[in-house]
Amino acid sequence: MSIQNMKTIQAELKVKRKEYLSPHYIRVFLTGEKVPLFENTTIGVNNKILIPPKGSNRIHFPEFDDKKMQWKPQPEDIRPIVRTYTHRGIDLKNNEIWIDFIAHGEEGPASAWAIHAQPGDLLGVLMRDGKTELYPKAENYLLIGDATGLPVLAAILEDLPKTAKATCIIEIQGPEDELPLKTNANAHFIWLHNKHPQKGSRLADVVKEQNLPPVPHFGYVAAEFSSVKEIRNYLRKEKGWQREDLYAYSYWKAGMTEDKSITARHQEKEEY
C-alpha cells in the first residue's frame with residue numbers, strides 16, 4: 001500500500017501487551033491517544049510499522065516531498081525501520097489495535113522487535129484513513145498464503161458470510177502453528193509445513209493439484225515473490241482467471257529484505 005498522496009493516520013503508539021498465538025506467531029496489542037483514529041479503517045488491509053532506532057524516545061515519521069515526489073531523507077540516528085504489516089484488529093472500548101508478527105529469530109528487525117517487545121515500547125503506525133474493499137464478493141474463494149500471508153487470510157475468513165465456500169492453502173513452519181482460524185464460511189483447510197521457506201515452497205505445486213472453485217470465484221494470494229508469480233501465472237494464463245478474479249501480493253522475496261526487494265515486487269505487480 002502506498003502511503004503518499006492520500007489522507008493517512010500517523011500514530012505513535014505503545015505496546016500494551018503481547019500474546020503468543022503459537023510458537024511462531026506473536027500478537028502485539030498497541031495503545032495510545034490516537035487509537036480512535038483507526039475506527040474507520042478496514043481490518044486486514046496493509047499498514048506500515050515504524051520501529052525506532054535504539055535509544056530513541058520518539059517516532060520520527062518520514063515526510064513526503066510533494067515537489068520531488070519522494071520521501072525526504074532522515075538522519076540515521078533517528079530514521080525508523082519501516083515494514084509492511086496487516087491491520088489485524090481494533091477494540092475501541094479497550095483503546096487498542098493489534099498486529100500479528102512472525103517470530104523467526106533475530107535476523108529480521110520486525111521479528112526481533114516483537115520477540116523483545118515490552119509494555120511501554122514505542123511503535124509507529126502509518127495507515128490509509130477510511131474504509132476500503134479488502135476483497136470482492138463471490139460465492140467461492142481460493143485463499144493461498146505462506147506465514148506472512150496468514151494474518152490477511154485470517155481477516156478475510158473472519159469476514160466471509162456463511163453462504164461462502166473457501167479453499168484455504170496455507171504454508172507455515174509446522175503443525176504447532178496451525179491456528180484455529182474463525183469463519184462462518186464453509187472452509188476447507190490444507191496446511192503445508194515448511195521449516196525452511198527461504199529454500200523454496202510447495203504452495204504452487206499444491207495449488208496445481210486442486211480442483212479449482214467454480215465461477216463466480218475470487219482468489220487471494222499472499223506469499224513469497226516466486227510462489228506468487230508462479231501461482232498467478234498458472235491461474236491467469238493456464239486456467240483463464242480474469243484480472244478481477246485474483247489479487248496476488250508478495251510480502252517478501254527469498255534472499256532479500258523487504259526494503260531491498262520492493263522494486264522487483266512492484267515491477268512484477270505492475271505487469272499484471
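Trainee: Where is Asn95 placed?
Mentor: Asn95 lies in the loop between strand E7 (89-91) and strand E8 (96-102). Keep in mind that this is a predicted model.
Trainee: What is the phi of Asn95?
Mentor: Positive, about 55°, although Asn95 is not a glycine. Most residues other than glycine have a negative phi.
Trainee: How accessible is Asn95?
Mentor: Its relative accessibility is 25%, so Asn95 counts as partly exposed.
Trainee: And Met69, what about its phi?
Mentor: Near 55°, a positive value, and Met69 is not a glycine either. Look for Met69 in the loop between strand E4 (64-65) and strand E5 (70-71). Its relative accessible area is 47%, so Met69 is partly exposed.
Trainee: Switching to peptide bonds. Which residues does a cis bond join?
Mentor: Val215 and Pro216, with omega about 0°. Most peptide bonds are trans.
Trainee: Where is Pro216 found?
Mentor: In the loop between helix H3 (203-208) and strand E13 (217-224).
Trainee: New topic, helix H2. How many of its residues are buried?
Mentor: 8 of the 10, counting residues 150-159. Buried means under 20% relative accessible area. That is why helix H2 is described as largely enclosed by the rest of the structure.
Trainee: Which residues in H2 are buried?
Mentor: Leu150, Pro151, Val152, Leu153, Ala154, Ala155, Ile156 and Leu157.

Notes
Residues are numbered from 1 along each chain as its sequence is written. This is a predicted model: local features need pLDDT of at least 70, side-chain atom pairs count only at pLDDT 80 or more; totals for chains, interfaces and linings use all residues. Side-chain values use heavy atoms; hydrogens and water are left out. Helices (H or I, at least four residues) and strands (E, at least two) are DSSP runs, numbered from the N terminus. Buried means under 20% relative accessible area, exposed over 50%, partly exposed in between (1.4 Å probe, protein chains only).
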